[in-house]
Amino acid sequence: MREENCIFCKIANGEIPSRTIYEDEEFRVILDLNPATKGHALILPKNHYKNLYELSDETAQKILPLAKKMGMLITQRLGCEGLNLLQNNNEIAGQTIFHFHVHLIPRYQNDHQNLIMNPLELSSAELDAVRDELLQ
Ligand code: 5GP
Ligand code: ZN
């Protein structure tokens, strides 16, 4: 399941070289070419899924155990103090490569990254309305 002209299909399947830190039959984990911090890595499924909406459940259930394993390894080897998992879907959310991937971003003191969000201030009634919109 590959997509023509998808750079992450080519990287995941070894057609384009990458700095691979883990590989198995279904996944390749590589260093990001333009890292946010030292050790910033990407988990790529070898099959092509455009985003979370298209990801198979079978692949989805293997992602978090792999993220945990790689997160532990990165933390032990590089001595970061924490880690962000980030996964963007669609342009509005900052996705630039349309082959599903998960970012592992190690965090260090003074790493000059700001992945904290700006919280909205919603009233209790507004929060209730959102919950009601989502409840089936
Ligand atoms: P997105 O914005 O789609 O969530 O993340 C795409 C990520 O892929 C970016 O962090 C970007 O630096 C990285 N990236 C883009 N092209 C390449 C590439 O050819 N090789 C590697 N290793 N990373 C890439
Ligand atoms: Zn692809």
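Me: On what basis are residues numbered and values computed here?
Reply: Residues are numbered from 1 along each chain as its sequence is written, while chains are lettered from A and ligands numbered from 1 in the order in which they are written. As this is a predicted model, local features need pLDDT of at least 70 and side-chain atom pairs count only at pLDDT 80 or more, whereas totals for chains, interfaces and linings use all residues, and side-chain values use heavy atoms, with hydrogens and water left out.

Me: Which residues coordinate the zinc ion (ligand 2)?
Reply: Donors are N, O and S atoms within 2.8 Å of the metal (3.2 Å for Na, K and Ca), and water is not among the atoms, so sites may look incomplete. For the zinc ion (ligand 2) the donor distances run from 2.0 to 2.3 Å, and the sequence spacing of the donor residues is C-x2-C-x38-H-x50-H. The coordinating residues are Cys 6 (SG), Cys 9 (SG), His 48 (ND1) and His 99 (ND1).

Me: What is the geometry of the site of the zinc ion (ligand 2)?
Reply: Four donors count as tetrahedral if all angles lie between 85 and 135 degrees; four count as square planar and six as octahedral if opposite donors are over 155 degrees apart and all others between 65 and 115; anything else is irregular. Ideal angles at a metal are 109.5 degrees for four tetrahedral donors. The angles among the four donor atoms of the zinc ion (ligand 2) are 106 to 115 degrees, and the site is tetrahedral.

Me: How many residues apart in sequence are the parts that Cys 6 and His 99 tie together?
Reply: Helices (H or I, at least four residues) and strands (E, at least two) are DSSP runs, numbered from the N terminus. Cys 6 lies in the segment before helix H1 (7-12), and His 99 is in the loop between strand S4 (82-86) and strand S5 (102-107), so through this pair parts are tied together that are apart by 93 residues.

Me: Is His 99 buried or exposed?
Reply: Buried means under 20% relative accessible area, exposed over 50%, and partly exposed in between (1.4 Å probe, protein chains only). Cys 6, with 7% relative accessibility, counts as buried. The relative accessible area of His 99 is 0%, so His 99 is buried.

Me: Which side chain has a polar atom 2.7 Å from the backbone oxygen of His 99?
Reply: A polar contact is a pair of N or O atoms within 3.5 Å; within protein, one must be able to donate a hydrogen and the other to accept it, and residues adjacent in sequence count only if both atoms are side-chain atoms. The residue in question is found in the loop between S4 and S5 and, at 6% relative accessibility, counts as buried. The polar atom 2.7 Å from the backbone oxygen of His 99 belongs to the side chain of His 101.

Me: Which side chain does His 103 join in a polar contact of 2.9 Å?
Reply: His 103 lies in strand S5 and counts as buried at 11% relative accessibility. Its partner in the side-chain contact of 2.9 Å is His 40.

Me: What is the relative accessibility of His 112?
Reply: His 112 lies in the loop between S5 and helix H3 (124-134), and has a positive phi of about 60 degrees although it is not a glycine. His 112 counts as exposed, with a relative accessibility of 74%.
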